[in-house]
Amino acid sequence: MLVKYLVNETTNEETLEVENWIGASDENKKQFEQFLLIWEQSVQLIVPTPANTDDAWQRMQQRIQTSGKGDTAAPLKIKSTNWLRMAAAVVLIACAGWLGYVLVAKNSAVQVVAVTVATTNKVVTDTLPDGSVITVNKNSRLSYPSRFKGDTREVTLKGEAFFNVTPNKEKPFIIHVNDVTVRVVGTSFNIKSEGGKTEVIVETGIVQVTKNKQFVRLLPKEKVVTGWKDSALAKDTVQDQLYNYYHSKEFICNNTPLQSLIATLNEAYNTNIVIGNEALKNLPITTVFKDESLDNILAVISETFKINIEKTGNQIILR
């Protein structure tokens, strides 16, 4: 449309459409001026330098005079195909220049800014620029750039989050948490930072955890827990899936000590459940609670282990 406009071949409606577009914003006007400049420069490159018309006229007169009385001068013919080819070349160069300008302008206009997802009493799920999906638990903070540049995808975490990372072998995904660095290519895992300790649990794929130039590689159902003062990284196995309850919306117990389930319930429901008898803490429980209220879960625990539940003030005691 712009090419037609510049060579005066637009209809009245098309001319009005182009001029309305130019006047709609300063950005459109700037783009049109840039296109016009490219067009004019392209024409100068394509169209040959005009010949000296006076010299050409003299040479033609001499040929006419020497050709004889019976001869007639042949009319000068200009091949339209040459001009069509030249016009097509102008359009091609102008459009290529225009496309390059638009792409450069758009890329330069995209600024990388820091994005922070901060939660308080609500779990938030966010999609990163590379398509990775992160579930941020309550009272946590995830920071990342609006666009991943360079050879890595780096984020920073405080608190807890479940990561489902989009695979990209050419651009590893790196999480900085406390004094630990977690590096992956494409996998799912949970990271929890609390009380000076960092816990990494792998659900799928392979995860590399680095601290003080030491590293371990974790496979599915493996974890590592390290504190500020710990110098070594020791792997351990995971027996249940309580760690991702806020992501899966399920409490999955597999021969899980009762005290571990109670600690997770306190976190999930923001309550204060206390085990009043030491002998109850390590009782194993295997079950799945899905979309259950706290009262229903406590009722199942009471029935399973034949224990009493007492509510006193803001505390729930298991005896």
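Begin by selecting strands β8 (residues 180-184) and β11 (residues 207-211), which run antiparallel and are joined by 3 bridges. Strands here are DSSP runs (E, at least two residues), numbered from the N terminus. Within this pairing, V182 has V209 in β11 as its bridge partner.

This is a predicted model, in which local features need pLDDT of at least 70 and side-chain atom pairs count only at pLDDT 80 or more, while totals for chains, interfaces and linings use all residues. Residues are numbered from 1 along each chain as its sequence is written, and side-chain values use heavy atoms, with hydrogens and water left out.

Now turn to the aromatic rings: the whole structure holds 6 aromatic pairs. Rings of Phe, Tyr and Trp (its six-membered ring) pair if their centres lie within 6.5 Å; planes under 30 degrees apart count as stacked, over 60 as edge-to-face and the rest as tilted.

Select F148 and F173: with centres 6.4 Å apart and planes at 70 degrees, the pair is edge-to-face. F148 lies in the loop between β4 (141-145) and β5 (153-158), and F173, 25 residues apart from it, in strand β7 (residues 173-177). F173 is buried at 0% relative accessibility (buried means under 20% relative accessible area, with a 1.4 Å probe and protein chains only).

Finally, select F163 and F189, whose rings are stacked, with centres 5.1 Å apart and planes at 10 degrees. Both residues are buried. F148, F163, F173 and F189 form one aromatic cluster.

Key
Helix = DSSP H or I, 4+ residues; strand = E, 2+ residues; numbered from the N terminus. Buried < 20%, exposed > 50% of the residue type's maximum accessible area, 1.4 Å probe, protein only. Pairing = 2+ DSSP bridges.
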